[in-house]
Amino acid sequence: MLIKAEGLKKDFPRAGKSSNFFTAVYPIDLELKAGQMIEITGRSGSGKSTLLNMISGMLTPTEGKVFLDDIDLYSLDEKALSRIRNEKIGLIPQGHTALLSLTVLENVLLPFILYNKEQAPEERAKELLEKVGISSLENARPNELSGGELRRMAIARSMLMRPGVILADEPTAGLDNENTLAVLELFRKAADEGAAILLVTHENEAANYADEVLTMDGGKLVE
């Protein structure tokens with residue numbers, strides 16, 4: 001699977017100034033191929049998360065296009081876009097994304113349950129929870145988890161459907177060194193098995209797992 005950004009740009013209006021805009025991301029071309037893991041690093045506010053959210057189909061660009069194979073994501077209506085994100089893209093956003101009414105295991109199974117009536121793949125979900133080190137918490141509720149445990153739950157959930165593309169925004173935030181390495185190894189293994197992975201991180205160790213490291217600076221992408 002291939003995901004490609006062409007001329008991707010994002011402007012935001014400045015508060016109270018309808019005719020004045022701030023450019024968060026200048027036009028960027030980026031191609032992410034199956035089996036490839038790319039790391040994007042850079043200072044806070046450099047545009048990394050904005051770029052990832054546009055590539056994931058979560059944030060409409062001001063200009064440019066995003067293709068998943070030959071599908072133009074932003075040509076789809078919201079229903080079709082949500083479906084393709086669910087089936088093809090594993091997204092790990094920043095922040096808390098768990099449903100508090102569900103257990104950890106149920107949260108991980110949610111991508112499957114949303115669109116399927118078949119038996120949910122519990123063994124797959126439990127295997128992923130084991131790999132990220134929180135299998136003992138499968139029956140806990142999200143409000144019982146630490147920030148790092150919530151991140152690991154989100155990582156497990158993103159990989160449940162074996163997506164062809166994984167987009168991760170600071171996935172190791174709040175993790176200790178041992179769990180950080182376990183998560184990076186999990187991503188590397190997924191790439192080796194054919195997934196295309198884009199990792200936004202400040203984690204220095206991630207460079208040892210990536211095929212290519214790029215830097216965002218002032219909304220521009222450089223090698």
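**Note on the pockets, sheet and helix packing**

1. The lining of the second largest pocket draws its largest share, 4 residues, from α4. The structure is a predicted model, and the points below should be read as a description of that model. The space in the second largest pocket amounts to about 230 Å³. Its lining comprises 15 residues, of which Arg124, Met159, Arg162, Ala190 and Glu193 are the closest to the pocket centre. By class, the lining of the second largest pocket holds 7 nonpolar, 2 polar and 6 charged residues.

2. The largest pocket has a volume of about 560 Å³. Among its 20 lining residues, Asn86, Ile89, Leu91, Pro111 and Arg157 are the closest to the centre. Here the elements that give two or more residues to the lining are α2, β6, α3 and α5. The lining of the largest pocket divides into 12 nonpolar, 6 polar and 2 charged residues.

3. Which helices pack at an angle of about 35°? They are α3 (residues 104-113) and α5 (residues 147-159), whose axes lie 7 Å apart. Their crossing is right-handed. On the α3 side the contact is made by Val104, Asn107, Val108 and Pro111, and on the α5 side by Met153, Ala156 and Arg157. This contact has 5 nonpolar, 1 polar and 1 charged residues. Two of its members, Pro111 of α3 and Arg157 of α5, are also listed among the residues closest to the centre of the largest pocket.

4. Helix α3 also packs against α4, at an angle of about 115° and with the axes 10 Å apart. The crossing of α3 and α4 is right-handed. From α3, the residues Val104, Leu105, Val108 and Leu109 meet Glu122, Ala125, Lys126 and Leu129 of α4. By class, the contact of α3 with α4 has 6 nonpolar and 2 charged residues, and no polar ones. Val104 and Val108 of α3 take part in this contact and in the contact with α5.

5. The model contains an open sheet of 6 strands with mixed pairing, in the order β6-β7-β8-β3-β9-β10. Its edge strands are β6 (89-92) and β10 (220-222), each of which pairs on one side only. On average, neighbouring strands of the sheet are turned by 20° against each other, direction ignored.

6. In what sense do β3 and β9 pair? Strand β3 (residues 37-41) and strand β9 (residues 212-217) pair in the parallel sense, over 4 bridges. Within this pair, the bridge partner of Ile38 is Glu212 in β9.

7. Helix α6 (residues 177-192) lies across β3, β6, β7 and β8 (196-200), and runs at about 150° to β8.

Methods:
Residues numbered from 1 in each chain as written. Predicted model: local features only at pLDDT ≥ 70, side-chain atom pairs only at ≥ 80, totals over all residues. Heavy atoms only, no water. Axes fitted to C-alpha atoms, helices over the stretch in contact; angles between N-to-C directions. Left-handed = near helix turned anticlockwise from the far one by under 90°. Contact = heavy atoms within 4.5 Å. Nonpolar A, V, L, I, M, F, W, Y, C, P; charged D, E, K, R; others polar. Pairing = 2+ DSSP bridges. 1 Å grid on protein atoms, 1.4 Å probe; cavity = no way out; pocket = protein on both sides within 12 Å on 5 of 7 lines; lining within 4 Å. Points joined across faces, edges and corners; volume = space filled by probe spheres on them.
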